[in-house]
Structure formats: structure tokens, C-alpha cells
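Subject: Structure handover

Hello,

Please find the structure below, for you to keep. My notes on what was found in it come after.

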Amino acid sequence: MKNLKIISLTILFFSLLISCSTYGKLIEIEKTEFGTVKYYVETDLNNNRKQKRIIAKVDNSVYYTFYPDDIVKHTKENKALIYKLFHGETPEDFDDPMYYQKLSKLDSLIFSSSDKILDSLKWKNFKSWKEAPGFRIEVCFYHGFPKYEKFKPY
């Protein structure tokens, strides 16, 4: 009976250890006027096109994901929407909040910090946020917030 408890606890411990290893690696915590920002790094993702990324989480309400070719933002408030950073000419209807969102002070703060993290990791091939006027708002066709392959924010 005693051995059964030890075996059960050992199995539970290792399964928790393995499940925790699938989360992103916390690399920095920053206190800001908007709340606590936690930065995570994930590598060796299953997606061939996006094998690594940085995730910035602001008090469980806003998530920024930095990929080599894309920067995406999710908000807990609008779970069905995805905000994709875009570059280029500002569209005529840029002031329409149904389709676009201008960069906020929080966005700029997160982007500046992420630049420092990318530099420290020597990840030079990631998309830059500089000269981007804002986010293009798109509707997500999945349920949940947000859908990450491995990263589980809750």
C-alpha cells in the first residue's frame, strides 16, 4: 500500500513536470503603469514557418505574440478578434475602429521592450514594428483565448 502511494506520487510529479515544460520559458517581468508584463520565449514549435516566438502577457488581459513574419495582439475583452500589425500606407478608413486600431502607449511600450529582448536573444529576422501605423482587426474562427500550440496562459 505504501509503495502504491509512492508510485502514484512519483507519476503525478513527473506528469506535472512534463506538462509544465510545455509552457513558454519566462524570461522577463516588468512592472509598468498598465500592470505587470511577463515575457515568454518559445522555441521548437511544431509549425515549420513559425518555429520560435516571444509572447508578452499584460495582467492576463492583453497578449502580444511576436513571430518572425508577424506581430499579433489578442485581448481578453474581445476574444473573437485578432489584431495584426500592418505596415505600409494608411488606408482611407483607418479611423474606423471596426477595422483598424492605432498604436497605443501600451503597444509602444511592449514593442520597445520586445526589441531589447530580441536583441539580447540575437533574433535578427523578426518583424519590426517601426513605422507601422496600427493593427488591422480580423475575426478569429476558433474558440478560446488565445490559441497557442503549447503556451497555456490559464
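Over which residues does pLDDT stay under 50 while the model has 42 contacts beyond four places in sequence? The stretch is 145–154. This is a predicted model, and confidence is the place to start.

Confidence

The mean pLDDT of the protein is 78, with 72% of the residues at 70 or more. Helix H1, residues 2–21, has the lowest confidence, at a mean of 53. At the other end is strand S4, residues 62–66, where confidence is highest, at 93. A further stretch with pLDDT below 50 covers residues 16–22, which have four contacts in the model beyond near neighbours in sequence. Where pLDDT is low, the predicted coordinates should not be read in detail.

Overall make-up

There are two helices and eight strands in the protein. Read from the N terminus, the order of elements is α-β-β-β-β-β-β-β-α-β. Of the 154 residues, 38% are buried. As for contacts between residues at least 6 apart in sequence, 57% of them join residues at least 24 apart.

S4 is mostly covered, with five of its five residues buried. In a regular strand the side chains alternate between the two faces of the sheet. In S4, Val62, Tyr64 and Phe66 point one way, whereas Tyr63 and Thr65 point the other way. Residues on both sides of S4 are buried.

S4 pairs with strand S3, residues 53–58, in an antiparallel arrangement joined by five bridges. One of the bridge pairs is Lys57 with Tyr63 of S4. S3 and S4 make a hairpin with three residues between them. In that turn, Asp59 has a positive phi of about 45°.

S4 also pairs with strand S5, residues 71–75, again antiparallel and over five bridges. Here Val62 has Thr75 of S5 as its bridge partner.

To sum up, S4 has antiparallel pairing with S3 and with S5, and its residues are buried.

Regards

Notes:
Residues numbered from 1 in each chain as written. Predicted model: local features only at pLDDT ≥ 70, side-chain atom pairs only at ≥ 80, totals over all residues. Heavy atoms only, no water. pLDDT = per-residue confidence, 0-100. Helix = DSSP H or I, 4+ residues; strand = E, 2+ residues; numbered from the N terminus. Contact = heavy atoms within 4.5 Å. Buried < 20%, exposed > 50% of the residue type's maximum accessible area, 1.4 Å probe, protein only. Pairing = 2+ DSSP bridges.
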